[in-house]
Amino acid sequence: MQMYKRILAVVGALIVLVLGIVLFSGKRVDLKFARPAAAIGSATTLAVEADAEHGVKNFSAAVEQNGQTQTVYEDKTRSPQRARIYTFTAGQKQATFLKEGPAKLILKAKSNDLRGSTTTLTQDIQVVLRPPTVVPDGRQHYINQGGAELVTMDLGGSWTEAGVRAGNYSAGTFPMPGEPDNSNHRFSLFPYPWDLSPETVPVVFVRNVANTEVTGTFWFKVFPKRFRESTIQLTDRNMQKVVGELDPEGTGSLVDRFVRLNREMRRANAQTIYNLRTNTEKKILWSGAFIPVKGTRESYFADKRSYMYNGRKVDEQVHLGYDLAQTQNTPVKAANSGKVVYADRLGLYGNCVIIDHGYSLQSLYGHMSRILVKVGDTVGKEQQIGVSGSTGMAFGDHVHFSMMIAGTQVDPKEWWDEHWINDRILSKIGPGATSTPASSHTAAPMPAPATQAAASLRHKHGRRR
Ligand SMILES: [Zn+2]
């Protein structure tokens, strides 16, 4: 009998233990916004990350304002996935009672375990229904495929971000020279990259805090360009030079290591260059035409290069810049005045200097044997910044020269042409640029009608590229 009681007690304790495990093992779901959400508009896309040990089995989002509540999204699919992102739209389209002003967003998630504990996250949010506005200038915009252009615009309403977008590329805005940072009178210097179809329509865009985006179109004409193709014959000697320098611990055949560098390092370097776009002064640091690097031109902008090894094509890449062959150790000079934002090794570019010329216009010099400047230095036009060489992916002494706008490589040729610079850039934002009436600042008095006449005359002759 004693024995029987003891067994009962043990079984009873086990049942309690199992129930306890079931009831209390359920972990809370961690809810957080995958990107900041401070406001919603008519239909704002929100992304919420739900993180729970065994996943989530039910997620919902509701909005609440003045005592009214509406579920705007619900997902009942059960998933053991640990971190899951729910993307949905919330706004007046989903909850018609919403009015301009404060509201609450209520998120609920149930953990995917036996206990199914529910986590609720309530966030204060603003309802912003008035979209921002953008009015681009009325000028004619002639764009070279692979080149750049500048549009001025007037923004209205409350906005957080604006710029020009063409395909997947975009560039932000700057206040017109001399205007405060938050000025509504702005411009965007934007790239129209080589790999965009010339059918791509560039648009000005503006977004507000609710991520409501408004776009506008402006008059433009794209001049399609034909880019060259070239062939590079790889030899063991060349590949050994590059691989030994850039991938000293790599494994695999020479050609595999070379091709991997050519792809992966090229991509990583492009990202580094892109990230430097915001490291820029909000003013023009340059003056006059940019000075081309001297030397024998070995390749042009956006050459499509086929890499051949033993008669077989092993890779293909687009070369975004100019290669200028040098006699050994020639001085490398800044194409224009600016400020050094990069002076170090940069993968395929070897010893590399990047100069900021203001408003996200930057120039790059690669493969140098020596760098003679450092980050933060101010350099003058044609000041020596280094000595040519063959560091990085270079088979002989040459300088690689590139120019970037908003982190994207463009054809430097336009910037070598003073006429193009005056016509496409300075006539809009340079000294003496025509000021639009929307601008509230008091500019130095100038003979406006004459300036406008000069501007329209320039437009008539503005077809030159
Ligand atoms: Zn190059």
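Before the residues, a definition: I call a residue buried under 20% relative accessible area, exposed over 50%, and partly exposed in between, using a 1.4 Å probe and protein chains only. What you are looking at is a predicted model, where local features need pLDDT of at least 70, side-chain atom pairs count only at pLDDT 80 or more, and totals for chains, interfaces and linings use all residues. Residues are numbered from 1 along each chain as its sequence is written, and side-chain values use heavy atoms, with hydrogens and water left out.

With that scale, take Lys241, which is partly exposed at a relative accessible area of 28%. Its side chain meets that of Glu245 in a salt bridge, 3.1 Å from N to O. By salt bridge I mean a side-chain nitrogen of Lys or Arg within 4 Å of a carboxyl oxygen of Asp or Glu. Both Lys241 and Glu245 sit in helix α2, residues 236–246, and they are four residues apart, about one turn of the helix. Helices here are DSSP runs of H or I with at least four residues, strands are runs of E with at least two, and both are numbered from the N terminus.

Glu245 is also partly exposed, at 28% relative accessibility. Arg345 counts as partly exposed, with a relative accessible area of 42%.

The whole structure holds 20 salt bridges. One of them is between Lys282 and Asp181, at 3.4 Å from N to O. Lys282 lies in the loop between α3 (254–275) and β20 (296–299), and Asp181 in the loop between β14 (174–175) and β15 (185–192), so the pair ties together parts that are 101 residues apart in sequence. Lys282 is partly exposed at 47% relative accessibility, and Asp181 is exposed at 52%.

Now the metal. Which residues coordinate the zinc ion? They are His319 through NE2, Asp323 through OD and His400 through ND1, at 2.1 Å. Donors are N, O and S atoms within 2.8 Å of the metal, or 3.2 Å for Na, K and Ca; water is not among the atoms, so sites may look incomplete. Along the chain the donors follow the spacing H-x3-D-x76-H. Both His319 and Asp323 are buried.

Next, two sheets. Two strands count as paired if DSSP finds at least two bridges between them. β1 and β3, the latter covering residues 44–51, pair in the antiparallel sense over four bridges. Within that pairing, Asp30 has Asp51 of β3 as its bridge partner.

The other is also an open sheet of three strands, with the order β24-β30-β28 and antiparallel pairing. Its edge strands are β24 (331–333) and β28 (370–371), and each pairs on one side only. β28 is joined by two bridges to β30, residues 384–387, and these strands run antiparallel. The bridge partner of Arg370 in β30 is Val387.

Glu382 is partly exposed, with a relative accessible area of 38%.

Ala406 has a positive phi too, near 50 degrees, again in a residue other than glycine. Where is Ala406 found? In the loop between β31 (398–405) and β32 (408–410). Is Ala406 buried or exposed? Buried, with a relative accessible area of 7%.

That is the tour; I will take questions now.
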